[in-house]
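The sequence and structure are shown first.

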Amino acid sequence: MRYGIIDLGSNTIRTVVYETEGRDFKKLFTERSFTGILNYIEEGILRPDGIEAIRQTVGRMAQLCQMLGCADIHAFATASLRGVKNAQEVCDSLAQTGIQLRLLSGEEEAACDFAGLMAADLPADGIGFDLGGGSCQIFRYASRELTSSVSLPIGSLALYNRFVRGILPTQKQRKEIRRFVRSELLAARIAEGKQFDRIFAIGGTARAAAKLHRALTGQSRPVEGYPLTVEQLEELCKLMTAPDMHGLRLIERVAPERITTLVPGILAIRTICRVLDAEQIQVVKNGVREGYLCRYLLR
């Protein structure tokens with residue numbers, strides 16, 4: 001069976017078409033649009049032009065899914081609309097195009113992240129996180145069962161909007177970001193429990209960081225499974241904020257769409273590793289969309 005899944009994230013709207021057989025699946029097609037939903041929100045309300053941007057983008061993506069022969073099309077939103085006061089208006093607008101939008105809670109999003117992680121055939125015990133544009137889900141699991149999770153407002157776009165005034169954060173702003181992320185992590189008590197040297201990283205920031213490091217070092221290994229140590233994450237931050245602009249030019253070449261959000265996101269990842277006393281992350285390509293597929297459609 002062929003499914004189309006549309007993920008309304010805070011920074012990007014992404015569509016993936018999957019071919020499934022039983023519990024197995026493979027990606028056939030992917031499309032993304034950097035809509036930046038968070039930028040349309042003022043005082044907790046999504047502006048009319050934001051609703052229209054979502055309607056047009058989702059409508060176009062739904063047409064692509066139909067052209068590719070999807071038997072079913074599903075759409076969901078995470079932190080992008082979770083706290084928006086007029087989220088129902090978005091649902092109503094999309095319903096007029098035939099798309100039913102599901103709003104995932106932080107707990108549901110973390111459960112989908114975990115399901116996506118398990119579909120990647122990783123160790124039975126560990127810690128994972130999904131750093132998106134508007135939030136970050138951090139979860140622990142043991143014997144392939146989810147044991148705890150938390151959703152925090154430390155997404156890459158949310159951090160940029162809150163702390164940064166220019167393109168890249170200043171030294172003072174970088175300190176403020178690290179301090180805020182650390183305070184959120186400590187308040188959530190995520191360090192309690194068994195520690196692991198390696199934690200699994202889901203989300204566009206982690207993938208972009210891997211691509212950036214790969215380009216910097218001339219490696220050709222795939223992003224899936226790419227390891228990044230805490231020291232390498234720190235080196236990337238120093239490179240991207242250096243006065244010679246070499247790092248900025250590298251971002252423009254490798255991940256131009258993340259030129260403003262990548263540094264805040266990497267600062268958040270590095271702080272997560274510090275608080276969890278982890279030495280490195282391992283990038284996982286499976287994430288919330290694959291988890292949604294496994295959790296709700298392939299049961």
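## Basis of the description

Two strands are taken to pair if DSSP finds at least two bridges between them. Strands and helices are DSSP runs, numbered from the N terminus. The model is a predicted one.

## The six-stranded sheet

On that basis, six strands form an open sheet with mixed pairing, in the order E10-E9-E8-E11-E13-E12. Strand E10 (145-152) and strand E12 (227-229) stand at the edges with a single partner strand each, so one side of each has no neighbour in the sheet. Direction ignored, neighbouring strands of this sheet are turned by 25° against each other on average.

Within this order, strand E11 (residues 198-202) and strand E13 (residues 280-283) run parallel and are joined by four bridges. Ala201 has Val283 of E13 as its bridge partner.

Strand E1 (residues 2-8) pairs with E2 in the antiparallel sense over seven bridges, and a hairpin of four residues joins E1 to E2. Asp7 stands opposite Arg14 of E2. Strand E2 (residues 13-21) in turn runs antiparallel to strand E3 (residues 24-33), with nine bridges between them. Arg14 has Arg32 of E3 as its bridge partner, while Tyr18 stands opposite Lys27 of E3.

E2 and E3 also form a hairpin, with two residues between them. Gly22, in the turn, has a positive phi of about 65°. Seven of the nine residues of E2 are buried, so this strand is largely enclosed by the rest of the structure.

## The largest cavity

A search of the whole structure finds one cavity of 30 Å³ or more. The largest cavity holds about 370 Å³ of space. It is lined by 30 residues, of which Asp7, Thr12, Asp130, Gly132 and Arg289 are the closest to its centre. Asp7 is also the residue opposite Arg14 in the pairing described above.

Helix H2, strand E8 (126-131), helix H7 and helix H11 each supply at least two residues of the cavity lining. By class, the lining of the largest cavity has 17 polar, nine charged and four nonpolar residues.

The largest pocket contains about 320 Å³ of space. Its lining comprises 17 residues, and those closest to the centre are Arg14, Arg32, Arg207, Lys211 and Lys285. At least two lining residues come from each of E2, E3, helix H7 (204-217) and helix H11 (288-297). By class, the lining of the largest pocket has eleven charged, four nonpolar and two polar residues.

The second largest pocket has a volume of about 200 Å³. Of its 13 lining residues, Leu38, Ile41, Ala79, Gly83 and Val84 lie nearest the centre. Helix H2 (79-82) and helix H5 (156-163) each supply at least two residues of this lining, and H2 gives the largest share, four residues. The lining of the second largest pocket divides into six nonpolar, five polar and two charged residues.

## Cysteines

How many disulfides are there in the model? With a disulfide taken as a pair of cysteine sulfur atoms within 2.5 Å, the count comes to zero. Cys112 is in no disulfide, and the nearest cysteine sulfur, that of Cys294, is 9.4 Å away. Cys112 is buried, with a relative accessible area of 0%.

Conventions
Residues numbered from 1 in each chain as written. Predicted model: local features only at pLDDT ≥ 70, side-chain atom pairs only at ≥ 80, totals over all residues. Heavy atoms only, no water. 1 Å grid on protein atoms, 1.4 Å probe; cavity = no way out; pocket = protein on both sides within 12 Å on 5 of 7 lines; lining within 4 Å. Points joined across faces, edges and corners; volume = space filled by probe spheres on them. Nonpolar A, V, L, I, M, F, W, Y, C, P; charged D, E, K, R; others polar. Buried < 20%, exposed > 50% of the residue type's maximum accessible area, 1.4 Å probe, protein only. Axes fitted to C-alpha atoms, helices over the stretch in contact; angles between N-to-C directions.
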